[in-house]
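Subject: Structure for you to look over

Hello,

Here is the structure I promised to pass on. Please open it first, then read my notes alongside.

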Amino acid sequence: MVTWGNIACKAPWSMITIGPGGELKLCCSTHEHASHISKHDSLFDWFNGEYYNQVRTEFTNKIWPTACKICKQSIEQNHTPSRDFPYFANLPIKNNVSAEIKTPLALEFTPSNLCNQTCVMCGSNFSSKWFAHDKRAVAEGLYWRGNQPGLVNIVDKPYQMSETDFQKILDILPSLETITLKGGEPFVEPRNIQILEFLANSNHKLKHIDITSNVHSVTDYHWTLLKKIKAKGTYINIGASLDGTGKTYEWIRSTPFENTFENMKKGKSVLGKDTFFISMTVSLYNFFTICEDVKFWYDKDLVDTVGFNYVYGPYYASPSLFRQKTIDKVLAKCKKELAEFKTTRIQQLYRTKHNPEYLVDLKNVKPWIDFVSEMRGFNILDYQPSLKRWVSKISAN
Ligand code: SF4
């Protein structure tokens with residue numbers, strides 16, 4: 001009898017993940033695109049088909065599937081693997097693991113790469129706003145832009161799921177217990193709003209909805225829909241992607257900070273503080289001021305929890321370029337200054353480690369800062385003195 005205790009990850013028994021180009025993957029962490037939604041008549045069939053069964057068999061035989069290389073490597077390098085993150089650890093599962101027919105209970109869904117921001121560590125694969133800029137970057141000699149680990153690749157045309165494929169999502173919606181809406185930016189994508197309207201106006205089994213949003217484009221109508229969904233007993237969790245404050249935020253994420261700040265206040269007044277947590281992406285650009293930024297959100301009493309993502313790629317935007325001594329110094333300061341904020345997911349911040357492999361991209365740090373500074377109309381180095389010193393040093397060598 002297979003038990004949960006000897007299975008390395010719940011995801012293959014619980015969830016379907018659909019990426020911004022319609023690609024089907026085991027989860028958001030894997031780089032393996034297993035198939036495409038357009039190739040399957042039904043997502044029930046996909047979930048019960050050859051690929052999933054193979055992965056499940058491998059897991060139950062204690063073999064790491066190729067798709068899960070990233071978690072295996074994290075364990076080998078003493079990092080927390082994605083499968084141990086609260087999101088994966090809390091995935092809903094059926095008790096009977098060995099049941100013949102399985103029903104997807106969780107969906108992570110990205111209907112397009114429509115977005116309203118050009119985050120400096122992102123690209124056209126995930127944000128439609130990057131198309132023209134990526135094209136120009138490559139034309140101006142930043143040819144390495146399109147071939148970065150983590151960024152996957154750059155694309156030059158938008159993807160939007162067809163009506164037929166979207167119907168496949170609607171077909172599994174009533175059986176789901178958890179849904180995660182991602183982007184692009186979920187609130188600028190009409191398909192996501194259709195899903196929220198369905199959830200606000202129907203009876204369903206959904207217990208949990210996670211939304212990863214930059215909170216910039218949430219309108220009064222969206223807040224009203226979310227309020228209705230919450231009133232039905234569905235737990236709503238909005239991971240607000242806020243990677244800094246003030247000018248650092250604006251340079252990293254491209255839109256006015258004040259606007260997002262006001263929207264966070266409105267969201268708290270409509271849905272309550274417990275609906276939000278801040279998810280900060282730790283990059284080269286905010287690393288030196290990360291603990292001040294965390295304190296800002298607690299001081300404003302807008303959230304109870306702050307967690308962290310980490311830029312694995314592109315390498316030229318990753319704090320793994322800093323020496324371990326520099327990283328340790330910043331993290332020690334954070335540990336001390338954030339000690340009173342017990343709900344800070346400080347362990348996630350401690351995943352920041354120097355990685356010598358990333359140094360192949362050290363030469364691209366300055367050209368990328370220059371390119372984005374021209375886009376923004378101001379330079380991040382004028383607002384991040386420690387980063388400025390580091391960039392001068394690497395440029396002089
Ligand atoms: S083991 Fe890791 S990569 Fe594999 S499905 Fe689980 S979270 Fe994803």
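**Around the ligand**

Helices α1 (11-14) and α4 (69-76) each supply at least two residues of the shell around the ligand. Bear in mind that this is a predicted model. In total, 16 residues surround the ligand. The closest are C9, A11, C27, C68 and C71. Sorted by class, the shell holds 12 nonpolar residues, 3 polar and 1 charged.

**The sheet**

What is the strand order? The sheet is open, has 9 strands and reads β3-β2-β1-β4-β5-β6-β7-β8-β9. Its pairing is mixed. The edges are taken by β3 (35-36) and β9 (306-310). Each has a single partner strand, so one side of each is left without a neighbour in the sheet.

Look next at β4 (residues 106-109) and β5 (residues 178-181). These two strands run parallel and are joined by 4 bridges.

Helix α12 (residues 290-299) lies across β8 (276-282) and β9. Its direction is at about 170° to β8.

α12 also meets helix α13 (residues 324-337). Their axes come within 9 Å and cross at roughly 25°. That angle makes α12 roughly parallel to α13. The crossing is right-handed. From α12, the contact uses I290, C291 and K295; from α13, it uses K333, C334 and E337. By class, this contact has 3 nonpolar and 3 charged residues, with no polar ones.

**Helices α8, α9 and α11**

α9 (220-231) packs with two helices discussed here, α11 and α8.

Take α11 (residues 257-271) to begin with. Its axis is 10 Å from that of α9, and the packing angle is about 30°. The two helices are therefore roughly parallel to each other. α9 passes α11 in a right-handed crossing. On the α9 side are W223, L226, K227 and K230; they meet K266, G267, V270 and L271 in α11. The class count for this contact is 4 nonpolar, 1 polar and 3 charged.

Now α8 (residues 190-201). The axes of α8 and α9 come within 8 Å and cross at roughly 40°. α8 and α9 are therefore oblique to each other. Which hand does this crossing have? α8 passes α9 in a left-handed crossing. α8 contributes L196, E197, L199 and A200 to the contact, and α9 contributes L225, L226, K228 and I229. Here the count is 6 nonpolar and 2 charged, with no polar residues.

**Two backbone points to check**

Most residues other than glycine have a negative phi, and most peptide bonds are trans. Two places in the model deserve a look on that score.

The phi of V215 is positive, near 60°, and the residue is not a glycine. Where does V215 sit? Its place is in the loop between β6 (208-213) and α9.

The other place is the peptide bond joining G313 and P314. That bond is cis, with omega about 5°. P314 lies in the loop between β9 and α13.

Best wishes

Conventions. Residues are numbered from 1 along each chain as its sequence is written. This is a predicted model: local features need pLDDT of at least 70, side-chain atom pairs count only at pLDDT 80 or more; totals for chains, interfaces and linings use all residues. Two strands pair if DSSP finds at least two bridges between them. Two residues are in contact if their C-beta atoms, placed from the backbone, lie within 7 Å. Axes are lines fitted to C-alpha atoms, for helices over the stretch in contact, and angles run from 0 to 180 degrees between N-to-C directions. Angles under 35 degrees count as roughly parallel, over 145 as roughly antiparallel, 65 to 115 as roughly perpendicular and the rest as oblique. A crossing is left-handed if the near helix is turned anticlockwise from the far one by less than a right angle, and right-handed if clockwise. Ala, Val, Leu, Ile, Met, Phe, Trp, Tyr, Cys and Pro count as nonpolar, Asp, Glu, Lys and Arg as charged, and the others, Gly among them, as polar. A residue is near a molecule or strand if its C-beta atom, placed from the backbone, lies within 6 Å of it.
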